[in-house]
Every structure is written in structure tokens, then in C-alpha cells.
Amino acid sequence: MKKFTLGLLTILVGISAMGQQSNGMANRAAGVSGRFYGKVVDSISKKPIDATSVQLYRNSIDSVTKERKEVIVSGMLTQSNGDFSLENVPVMGQYKLRISAIGFQPNEQPVSFIDMKDLQSGGRPDMASLMNKLDKDLGNIILQVDEKVLGNVVITSSKALLQLGIDRKIFNVDQNIVTAGGTGVDVMRNVPSLNVDIDGNVSLRNNTPQIFVDGRPTTLTLEQIPADAIESVEVITNPSAKFDASGGTAGILNIVLKKNKKVGYNGGLRANVDSRLRVGGGADVNIRQDKVNFFASANYNQRKSISNGTTKRTTYGSPDTYLNQEDESIMKGRFMFGRAGMDYFLDNRNTLTVSGTFVEGRFRPNTESHLFIDSLYNPKTSTYSERLSNTDGRFRNVGMSGSFKHIFPKAGREITADATYNKSKNNNTNIIRNDYYNDLNQLDRSFQQQQMASGNNINLVIQTDFINPINDKSKFEAGLRSSIRKSNSNNNFYFVNPVNGQLILNAPLSIKYESTDQVYAGYATYTNRINSFGYQLGMRVESSNYEGLLPDKNESFDIKFPVSLFPSVFLSQQLKNDQELQLNYSRRINRPNFWQLSPFTDYSDSLNLSRGNPGLQPEFTNSFELSYSKLFKNKDNFLASLYYKNTTDLITRYQDKELNPATGKDALVNTYINANRSYVTGLELTAKNKITRWWDITSNVNFYTADIKIDNLPIEEQDQFVSYFAKISNNFKLPKNFTVQLSGDYQSKTISPQGGGGRGMMWGGSQSAAQGFIRPNYGLDMAVKFDFLPKKNASVSLNVNDILKTREFDSFSESAYFLQNVSRIRDQQIVRLNFSWRFGKFDAALFKRKNMRGERESMQGANEGMNF
């Protein structure tokens, strides 16, 4: 640099000696280059910020349009110590320095090599003074922490338990100690807006949402995903055209699995044991060196679930009968979850990612039922029987994914391509024995049957997305997606010969079923901002084809929708004092799933048969949502959403009576039909409040009502009423490194969630949203955590669910054939002790070099959304 400066000085002295005019000196000086340098630091900790974007702009006249525009002169990312250096910058001119980093407010300031005091008369630069400023130190530039993360207009703070956005909520699982050692179901119980029943069924605004893992649909269930493997959960209530149109009246739950990209190595070890002496443990590790980021995790968990239930049902017939059924079920099981992958940063603009998952488990539920049946006529007759159901179920899932991301030189422009493949397999054997007793309570006869079921699913998703910023206020996005799912199920039903124990196939009740579901889609969105008003217009086009085949019966059916359009409109208005209004609209589809379409009749419970309906049509939903958000000066925030959803051909549950070929008697069959139409409307309120420095509260309440119209069947309509669901979470940071969480929820009387996708509910069967309701219930969970070791990288926590033993499923349903009350409890007051140890070293000196640009670009991609 000294030689460089000396050379410039020689040139300028020579120019001066030639007796050129002072304006000529200025023109020559314009060809001289200098350097701006400085350091970027955090406003709170005063520590340097690495991987910060530093860009230098100046105004220039466009040679084509002859208009002034900003052009970038130089730019870089700061080093690990926060330093930056912009070299070869022309010394003549006025510049703008723009600095930005995720989680911080952007900083913009004018910079120049020439100060006003350096100008001589006539505006000519003082060359002697200029020569001393060719290397200009801008000092420490301070960035203020920004509580608004622009990705999806999310209101957040570092490692917050909950980030609130108008179009989504992000729940950070690492900060929730109540769910430690549990499954994805336990996580969902603590996420605002979500209601989880005692069977683990999740509803969002009283509807079943679509489950995504890392932004893609999955074949995994929530019980197959360990809570310790989950980084965060995104609740998207009204997805735009960019997202898969499936999901119907509900939104999307996107489960983001853990993966770290910090330079160095880091990881953790976990272990837990519960009050039923079930154990669990796991480990995860991330290693980032040079161009490679490797991540892996493994979890193993045992489970023991105990549930009790009572069913009381009056069945109308000749004669009427009254059933009192008492059930007790004990399920023992275990499952393993493994995941590994690698990011390879080809260069600063290209990243390749591959990963794989493996899930395997076994569950063995044993259910004992006592059935008392009285005939309601004179003379009264009574019967008593016992039913023992023993099931041995195994499952396995293998998944692989690969993605490629290219970032163009133009800021914000990028293209991605990825493929996800999942293959799952399951085998189930269910042995059912019915013992019938006479009036003297002596065994009269026994009847035994066996059901053997197996199946597999293959799911392939290929997708590409392109983002092109038009300017700093508008952008265009487009993408293509192909989804192919193949399923087959083989269900064999046997009678057991009471003499020799041989299995006798019951061919009429056995069935083999194959299906192929194909969806091809493309989307485009345009986003723009005009002053404080922003908008996004989107259109998604999908073509779907569902084919089902019964090979043994030579029957087939298909549902085709050659072209379906799914528009979306998002409008946003920024108000004064950190307030915002947003109005959005979208159209979505809910295609019937495998079990809703399968014509196989499940006879495992002779009192509650279940069967799909291959004639079901998809349901279409038009959704409107008006939202208001407010960020207060003390960092409290508030979000209110008013929503309305109108659905045609709603898939709803229905119960009918028909002859049971296994017993020769009439029995109720739980199946599915398309209702004519329905609507759901509600108001959801969510708030985060910091009461004191050591106590903060997250609260959520949802008021809603629904109405379903079924004109094609003689069904009495459900009386309409308003329901509400409330959830509150308290976090206490106590002295001596103790943390306490106390969370509770309350569900008022509500209609049963619409639709549903299971094979029926035990002890009472599926309930129709048009024929029943669920009585109020509430629960309270608590956890205590203690951090220790010098860097607080180890912790012990104790959590307990349903500490008041009040969570109970209590429902009522009726139809032209019966009147029924069902009550159940499951896994109350389970105590779990957890231990975790976190390790890592992020010293960049451990490695030869690092690709911070690749890290930052990956972070930007993870936070992009509707950026008004």
C-alpha cells in the first residue's frame, strides 16, 4: 500500500508541475482509487458480526435511458472479526454504504473520501489533503437488533419461544422444555393455534392440517418424529399459491428438522426416563469445514401408553338395546429415528444438499373390553361378553432428498431444484377373541378371528423454484412441482377353527387394494410494494389423477381433475407505530386420502365397523383472512386474525346400518360422504407479553363456529353454536440457572373436527361433524430445567403432563339409528426426567478456510417468504 500511495503521489505531483488548470487536476484525481475499511459490531454486546453484507453504491447516468440510477461499486461480507475492506474505489464521488445482516436493522450512510473542509475555492479538492485519505477508516459501524425479521414479516427476538407473523407462526422447539424426550405430538400440544386430542390427532382452527417436513409433504406420522429432532414448527394458516394446494379447509404445519451450519463442530447428547420406566436417548452432530457441512442425528424411544374408556349407546331397532362398554388398553412400543446429510458449497453461488432419514418401530397394543347389553323391552334380557384384542404392528420408513441451489450475481435472484423420495412399509397382525357368558356368568362360547394387514407407500416429489427481483420493491416467483404417490394394502380376514386352531380365510371380507395418486402443478406470484402498501398476486395450476384398483375383485375407479386453478391474493398495509394490516384470499383443495377411499371394511370391532368410500370427490375451499399486528415499544406484540372458509363437497363422516357378514346381524358402519357445503368463521387472538424481566407469557384464543349442509341424506342438521379454544404458556427465568414453564389449554364444547383421515376411532367409532359434539376439556403441563457447567451447556429437566388429570375425551353423537356417549382418558400425569449435554467449538481458526457467503445465502433462503 505504501508503494501504491507513493506512486499516486508521484503522478499527482507530476501533473501539478505541468501547470494544468485546477479543474484539470480534479479530472485527473477522478482516476485515482482508494479504500474504505471498518468494522461492523452488535449494538448490544459490542461484539463483531461476521457474514454481514457490506455494499457500496453511487449514482450514475444510464447510457440507454439517460436516467440516473444506483449502481454497485464494491461489496463483500465481513470477516469473522467484523472487518471489511472495499478497495479500488474511485476517490472522486459521493457514495452510499449499505450494511445488512439477518436479525439486525439495515444501516445506510453517505461516505466520501473528500470532506467539505478539503475543498478549495471553486469547489476544487485539496490534493495534499486528499492524498492522506486514500485509505479511509469508517470506524465501528453499529447495527441495531431488529425485532422484525423480514422473512414473512415475522416479529421475533433471538431464540424466542414463538415468532409471530401475519401469515405464519414459528414455534422454536429448543426453547420448550415441556416437550423434551417426547414425540411430535407432544410438540404440537404446546404450539399456539393447535389443538391435540388424547389420541394425538391435531387440528388447526378445528380442521386437520397438512403435515410437511422441511417444506415437503411426508409419509411420517407425528408419533414417528422425536421432539428432540425438531428445530421449529411453522403454522401457516392460509398458504399462498406458492404452496401445495392440498389441505382444504386447514393450513400447513411445516416441521423443520435440526441442522446447523456454523463453522466448526457442534452437537449434543440426550437421555430420558419416564415414570413408567420407559427410556429414550439420542445424539446429533454438525461439522462444518471448508466447503462441506455434515449433519447427523439419531434417536431411540420406548413408549408405554395406558388408556381407559367407556361407551354408552342406545341402539334403535326391534328391540331397542342399551350397551355399556368398558375398555382398557395398554400399548408398549419403541421406535428409532435416524437422519444424516451433507451440504456441499461448490462455490459462493452454488450449493448441493443431500440427506436421508430412516424410521423403524414396533407397537403392541392390547385391549380388553367388557360389554353389557340389555334389551329395552319386557321381559328384559341381558348379555355379557368380553373381547380381547392383541395387535402386533411394525413400520419402517426410508427417505432420501437432494437439492441444488444457484444464486445469480443479481442480488436476490436464485433458482433451486430438489427431489424427495419416501418409501414406507407396515405389517400388522390383530388377534381378536370374543367370549360370551350365560346368565350364570359361565363361559358359553368363544369366537376368535385374526386380521393380517400389510402395505407400503412410495412417494416422489420433484420441484423447482425461481425467484427474480425486478427491483428493490418488487419480485417475480415461479415454480413447477410433480408429486407421485403409489400405495397398496393387503388385508386378509380369518376365522380361527375352535377345534384345531387353524386359520380359515374369509374371502368376502378380505381385500387387496392398490392406488396411484399423481399431482402436477405450476405456480407464479408477483410481489410489489408502493410506499407503505404491498401486494402479492398468485396463481397455481394443478392437474390431478387418482386411480384405485381391486385386483382380486377386478374392480377399478378413478378421479380426474385435468386442470384446477388456485388463485391467491395478499394485501398488506403498513400503519404508523409498528402496526400492519393484511387481507388475503386463497383457494385450496382437499383430496380424499387412502383410508377415506378404500372400500375395505374393517371388522376388527364388531360393534364399530369402518369403511372408506371410493366415490368421494375432492373438496374445494375458498379462504379469506383479515389480520392485524402490533409491535409495542416494550417488545410485546399482538396479532388478531378474522377468518372465513367456505367449502363445497366437504368430506365428512357418516354412520349407516347394514348387515355384518361376520355375525349375520345388523351393525353400524362408519364411512365418509360429501356434504353439499360448509363454512367456518372465527376470530383468533395471539399475544406475547413480557410481564417482568424474568416472566413472559404467550397466549392464544380462537373463537369459531361452523355449519354443514347435507341435502342428499336424511340427516338432522347439527345445531350451530360458538366454540372457543384457549392456550397459555408461562416462562419463568429464575435465579441459579433455573427455568420453569407452565402451560395450559381449554377447549369449550365444540363440534367434532370436520373430515378426518383415520380408520375410525376406537371405542365409539368415527363421529360425524353433522351428528355430534365434544364436551369441554382442559389440561395443565409443567416443566422445570436446571442449567449447569461453566458455559451452561448441560441441563437436567423434569416435565409432567396433565398434572391435574383433567384431560378427557368426552363426546356425544346421535343419528336415526343410535344415541351414544363416549368418554376416554389416556396417559395422565406422566413424569419424564431428561438430561442433555451440548458441545461445540466455532473457532474458525480450526479450519483452513470457510465459505461464509454460502452460509449467509443459505440463511437468506431459509427466511424468504412474502417480503413486502
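# A tour of the predicted model

The chain forms six helices and 48 strands; both are DSSP runs numbered from the N terminus, with helices (H or I) of at least four residues and strands (E) of at least two. This is a predicted model, in which local features need pLDDT of at least 70 and side-chain atom pairs count only at pLDDT 80 or more, while totals for chains, interfaces and linings use all residues. Residues are numbered from 1 along each chain as its sequence is written, and side-chain values use heavy atoms, with hydrogens and water left out.

**Stop 1: the whole chain**

The accessible surface is about 39700 Å², and carbon and sulfur atoms supply 55% of that (Shrake-Rupley method, 1.4 Å probe). Now consider contacts (heavy atoms within 4.5 Å). Among those between residues at least 6 apart in sequence, 68% join residues at least 24 apart.

**Stop 2**

Select Val-187, Met-188, Leu-194, Ile-230 and Ile-255. These have the most contacts inside the largest nonpolar core, which has 28 residues. Such a core is a set of buried Ala, Val, Leu, Ile, Met, Phe, Trp, Tyr and Cys residues joined through side-chain atoms within 4.5 Å. Elements giving two or more residues to this core include helix H4 (184-188), strand E16 (230-236) and strand E21 (321-347). Centre on Ile-255. Among the residues it touches, beyond four places in sequence, are Met-188, Phe-212, Leu-222 and Ile-230. Then move to Ala-101, Leu-134, Leu-138 and Ile-141. They belong to a second, separate core of 22 residues.

**Stop 3: aromatic rings**

The count comes to 24 aromatic pairs. Rings of Phe, Tyr and Trp (its six-membered ring) pair if their centres lie within 6.5 Å; planes under 30 degrees apart are stacked, over 60 edge-to-face, and the rest tilted. Select Phe-372 and Tyr-384. Their ring centres are 4.8 Å apart and their planes stand at 35°, so the pair is tilted. Phe-372 lies in strand E22 and Tyr-384 in strand E23 (residues 382-407), twelve residues apart. Phe-372 is partly exposed at 36% relative accessible area. Tyr-384 is buried, at 17%.

Next, pick Phe-703, Tyr-724, Tyr-746 and Tyr-778. Ring pairs link them into a cluster.

**Stop 4: charges over rings**

A charge sits over a ring if NZ of Lys or CZ of Arg is within 6 Å of the ring centre and within 35 degrees of the ring normal. Go to Arg-413: its charged end sits over the ring of Phe-408, 5.8 Å from the centre. Then select Lys-749, which lies over the face of Phe-773 at 4.3 Å from the ring centre.

**Stop 5: Arg-807**

Find the loop between strand E45 (794-800) and strand E46 (809-814); Arg-807 is there. At 11% relative accessibility, Arg-807 is buried. Its side chain makes a polar contact of 2.7 Å with that of Asp-745 (a pair of N or O atoms within 3.5 Å; within protein, one must be able to donate a hydrogen and the other to accept it, and residues adjacent in sequence count only if both atoms are side-chain atoms). Other contacts of Arg-807 include Tyr-778, Asp-781, Asp-802 and Gln-828.

**Stop 6: Val-569**

Finish in strand E30 (residues 555-575), at Val-569. This residue is partly exposed, at 29% relative accessible area. Val-569 touches Gln-536, Leu-537, Leu-583, Asn-584 and Tyr-585, leaving out residues up to four places away.

Terms used
Buried means under 20% relative accessible area, exposed over 50%, partly exposed in between (1.4 Å probe, protein chains only).
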